[in-house]
Amino acid sequence: MRNSLQGVLSTYIDAPLVTLDDEILTAKVHSLYQVLDDDRSKHGARGQSGTVLSKILHRKHPKSLPLHDKWVRRCYLGSDGVPTDKTRPWAEYGLLR
């Protein structure tokens with residue numbers, strides 16, 4: 001997954017997400033989380049998750065990519081977060097608000 005992620009990040013414009021219009025934001029988030037879906041289709045589920053990926057992305061771009069895990073989500077959304085759906089691609093999940 002490293003090579004795919006580096007490819008996406010090499011074209012990444014480091015700008016706060018709130019400054020981007022919806023079309024650019026959607027494309028950016030989709031391409032970042034699509035890496036998880038692509039890796040699973042090639043190699044099967046190997047334990048990678050959106051939480052781990054968000055931690056990696058946040059460390060690389062802390063001002064523009066938020067950390068995402070269940071505790072941060074509960075802080076902002078309470079217990080009524082996005083419902084679990086094991087069939088939903090990560091790229092789609094990353095776009096849910």
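Q: Which helix is the place of Lys28?
A: Lys28 sits in helix α2. This is a predicted model: local features need pLDDT of at least 70, side-chain atom pairs count only at pLDDT 80 or more, and totals for chains, interfaces and linings use all residues. Residues are numbered from 1 along each chain as its sequence is written, and side-chain values use heavy atoms, leaving out hydrogens and water.

Q: Why is Lys28 called buried?
A: Its relative accessible area is 10%. Buried means under 20%, exposed over 50%, and partly exposed in between (1.4 Å probe, protein chains only). The 10% of Lys28 falls under 20%, so the label is buried.

Q: What does Lys28 touch beyond four places in sequence?
A: Lys28 touches Tyr12, Ile13, Ala15, Leu17 and Leu20. A contact means heavy atoms within 4.5 Å.

Q: What makes Val82 count as buried?
A: Val82 has 19% relative accessibility. That is under the 20% limit, so Val82 is buried. Its place is in the loop between α4 and α5.

Q: How far apart are Val82 and Leu96 in sequence and in space?
A: They are 14 residues apart in sequence. C-alpha to C-alpha, the distance is 7.4 Å. Leu96 is also one of the contacts of Val82, together with Arg73, Arg88 and Tyr93, leaving aside neighbours within four places in sequence.

Q: What makes Asp37 buried?
A: Asp37 has a relative accessible area of 16%. The 16% lies under 20%, so Asp37 counts as buried. Its place is in helix α2.

Q: Which residues touch the most other members of the largest nonpolar core?
A: They are Leu5, Leu9, Tyr12, Leu32, Tyr33, Leu53 and Leu57, in a core of 15 residues. α1 (2-10), α2 and α3 (50-60) each give two or more residues to this core. The largest share, six residues, comes from α2. Such a core is a set of buried Ala, Val, Leu, Ile, Met, Phe, Trp, Tyr and Cys residues joined through side-chain atoms within 4.5 Å.

Q: What is in contact with Tyr33 beyond four places in sequence?
A: Tyr33 contacts Gly50, Leu53, Ser54, Leu57, Trp90 and Ala91.

Q: How many helices and strands does the protein chain have?
A: The protein chain has five helices and zero strands. The pattern along the sequence is α-α-α-α-α. Helices (H or I, at least four residues) and strands (E, at least two) are DSSP runs, numbered from the N terminus.

Q: How much of the protein chain counts as buried?
A: Of its 97 residues, 31% do. Among contacts between residues at least 6 apart in sequence, 55% join residues at least 24 apart.
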